[in-house]
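Open the model in your viewer and keep the selection tool ready. We will go stop by stop.

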Amino acid sequence: MPRLMGRRGLLGLTAGAGAAITVGAAGWSRLAGASTGRVLASAGPLPRPFAVPLPVPPVARPVRTEHGADFYEVEQREGRVEILPGRKTTVWGYDGIFPGPTFTARSGRRTVVQVRNSLTVPTVTHLHGGVTPPESDGYPTDHLLPARCAPGRPHEGMAGSHPGRTAVGYRSYEYPLPQQAATLWYHDHRMDFSAPQVWRGLAGFFLIGDQEEDRLPLPRGNRDVPLMLCDRSFAEDGSFRYPAHHSHDAFPDGVLGDVQLVNGAPWPTLEVSATRYRFRLLNASNARRYRLRLDAGGGKRGRFVQIGSDGGLLAAPQPLDAVDMAPGERFDVVVDFSTFPVGSKVTLHNSTAEGGMRDVMRFHVVRKEKDDSRVPDRLSASFEALAPGRAVPVRSFDFRRTHSGGERQMWTINGRPFSTGTVLASPRLGSVERWRFSSDFHHPVHLHLGQFQVTARGGRPPAATDAGWKDTVDVRPYEVAEVLVRFTGYKGRYMLHCHNLEHEDMAMMANFDVT
């Protein structure tokens, strides 16, 4: 008999929030822009925006290189960092920092990351966007137990554990990386606890490079900047604030913070020259969505030029006035600050938020500088647009609240909560399939292993921000998103799930088995 999710997945959701409704065009528009969660207010004073510089995570260095592979070691441990000025926050971080160190790898070159767990809870590390063998993919029951935990001994947080590949103390994750240059990220993926453990800091960038990208005259060095966007709430003493495990049902739609962080700093600033910059945007929030715009004041706005998406470079650049980002999505963009006079202050806004959360960070144009970068008209000559054949299998996955008896409701896929023993699809290795995602809410749908291209939304062409190879797509309320998925790399058990982390922890996941 399949083993179902634990008590977190079976929490009763508020009945009124899940009531079925019928909407017209105006109602759909209202829902599409609606909040994706409930704000958890900080207990102490909030920091002043634009008062701290933008930090950039350190780059991880391999401990050795042999037989054509790079080996890294990283430790999950507590760290005390200053996020709010004058106060210390305890983070659960890779190497005790938040965000964790940035890994820079090469396409096709084997990368081995040994993770040591010095925390007091089990962890699972998932390389989000990686084409990864199943044993290193970060399946949510493949627990890495703390180093202090003896095998077979009861342990804090292990009640209701699930069968999986369990390791004690450390685990080596092997990433062969048979994929093109792309901005990926790694984060905790533990069953029932992804949301609180990512909230406490277990996340970082993982960048893949290749020769095709190397040949492009894009901004480099200190003008190639990763930006991890996320929101958090804080207690008065500066510690992270997150709902207690037993009160998680008070936030069934997702947890929103009231402090905007970029690379772990609140509303930071970055001094820039009047040149082009490449920004690797990552939405690492639990539930918050972004519609990003550049505002220089006085009605002057900036523009993004998108060069890449989740899975790597686009075939050609596309200009965007705004970038829509759901949790888990990445956008590679270039911003040309030479369009602003020296002295300009350009604010990155989130127009989906309210109050102080409408601000994200600020760029201060402080000097002129020589710029030999440019965005070429052609980015990826190897980009392949998928065209479905008549024999392409079609599968449907419905993401919504489902009654589980009485007034109790839960997040489900095709009416089922997650079960480790249930498989909803068995695509063949090397095949392409058409998958249709439907939704009653904002559900950012993420596929492990499979990269896809969005072909339609609600029977209409996809949005401009759906371009390129994707692994996460924002399925909006009462909408059907269609994608063509290519299954390459490896056979085995993988997952699709909602990347609203509270939804994921409340059973909105499913297995597929690549055969």
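Select Asp231 and Arg288. Their side chains meet in a salt bridge, 2.8 Å from N to O. The two partners come from distant parts of the chain, 57 residues apart. Asp231 sits in strand β13 (residues 224-234). Arg288 sits in the loop between β19 and β20 (290-297). Are these two buried or exposed? Both Asp231 and Arg288 are buried. Keep in mind that this is a predicted model.

**More charged pairs**

Side chains of opposite charge can pair when their charged atoms come close. The structure holds 30 salt bridges. Here are two others to look at.

Select Glu482 and Arg436. This salt bridge spans 3.1 Å, N to O. Glu482 has a relative accessible area of 17%, so it counts as buried, because the cut-off for buried is under 20%. Arg436 has 33%, so it counts as partly exposed.

Now select Arg400 and Asp398. They form a salt bridge whose closest N and O atoms are 2.4 Å apart. Arg400 is partly exposed, at a relative accessible area of 28%.

Select Arg280, in strand β19 (residues 276-283). Its relative accessible area is 5%, so Arg280 is buried. Which side chain does the side chain of Arg280 meet in a polar contact? It is the side chain of Asp224, at 2.9 Å.

**Empty spaces inside**

Rolling a probe the size of a water molecule over the atoms shows where empty space is left. How many cavities of 30 Å³ or more does a search of the whole structure find? The search finds four.

Start with the largest cavity, with a volume of about 60 Å³. Select some of its lining residues, including Val74, Tyr94, Phe103, Thr125 and Phe206. By class, the lining of the largest cavity has eight nonpolar residues, one polar and no charged.

Move on to the second largest cavity, which holds about 40 Å³ of space. Among the residues lining it are Leu227, Phe279, Leu281, Val333 and Val335. Strands β19 and β25 (330-336) each supply at least two residues of this lining. What classes of residue make up the lining of the second largest cavity? It has nine nonpolar residues, no polar and no charged.

**Backbone details**

Finish with the backbone. Select Phe98 and Pro99. A cis peptide bond joins them, with omega about -5°. Pro99 lies in the loop between β4 (89-94) and β5 (103-106).

Select His67, in the loop between β2 (64-66) and β3 (69-81). Its phi is near 50°, a positive value in a residue other than glycine. His67 is exposed, with a relative accessible area of 78%.

Last, select Ala507, in the loop between α4 (501-505) and β37 (509-514). Phi of Ala507 is near 85°, again positive in a residue other than glycine. Is Ala507 buried or exposed? Ala507 is buried, at a relative accessible area of 0%.

Notes:
Residues are numbered from 1 along each chain as its sequence is written. This is a predicted model: local features need pLDDT of at least 70, side-chain atom pairs count only at pLDDT 80 or more; totals for chains, interfaces and linings use all residues. Side-chain values use heavy atoms; hydrogens and water are left out. Helices (H or I, at least four residues) and strands (E, at least two) are DSSP runs, numbered from the N terminus. Buried means under 20% relative accessible area, exposed over 50%, partly exposed in between (1.4 Å probe, protein chains only). A polar contact is a pair of N or O atoms within 3.5 Å; within protein, one must be able to donate a hydrogen and the other to accept it, and residues adjacent in sequence count only if both atoms are side-chain atoms. A salt bridge is a side-chain nitrogen of Lys or Arg within 4 Å of a carboxyl oxygen of Asp or Glu. On a 1 Å grid over the protein atoms alone, a cavity is a set of points where a 1.4 Å probe fits but cannot get out, and a pocket is an open set with protein on both sides within 12 Å along at least five of seven lines; lining residues have an atom within 4 Å of a point. Grid points are joined across faces, edges and corners, and a volume is the space filled by probe spheres set on the points. Ala, Val, Leu, Ile, Met, Phe, Trp, Tyr, Cys and Pro count as nonpolar, Asp, Glu, Lys and Arg as charged, and the others, Gly among them, as polar.
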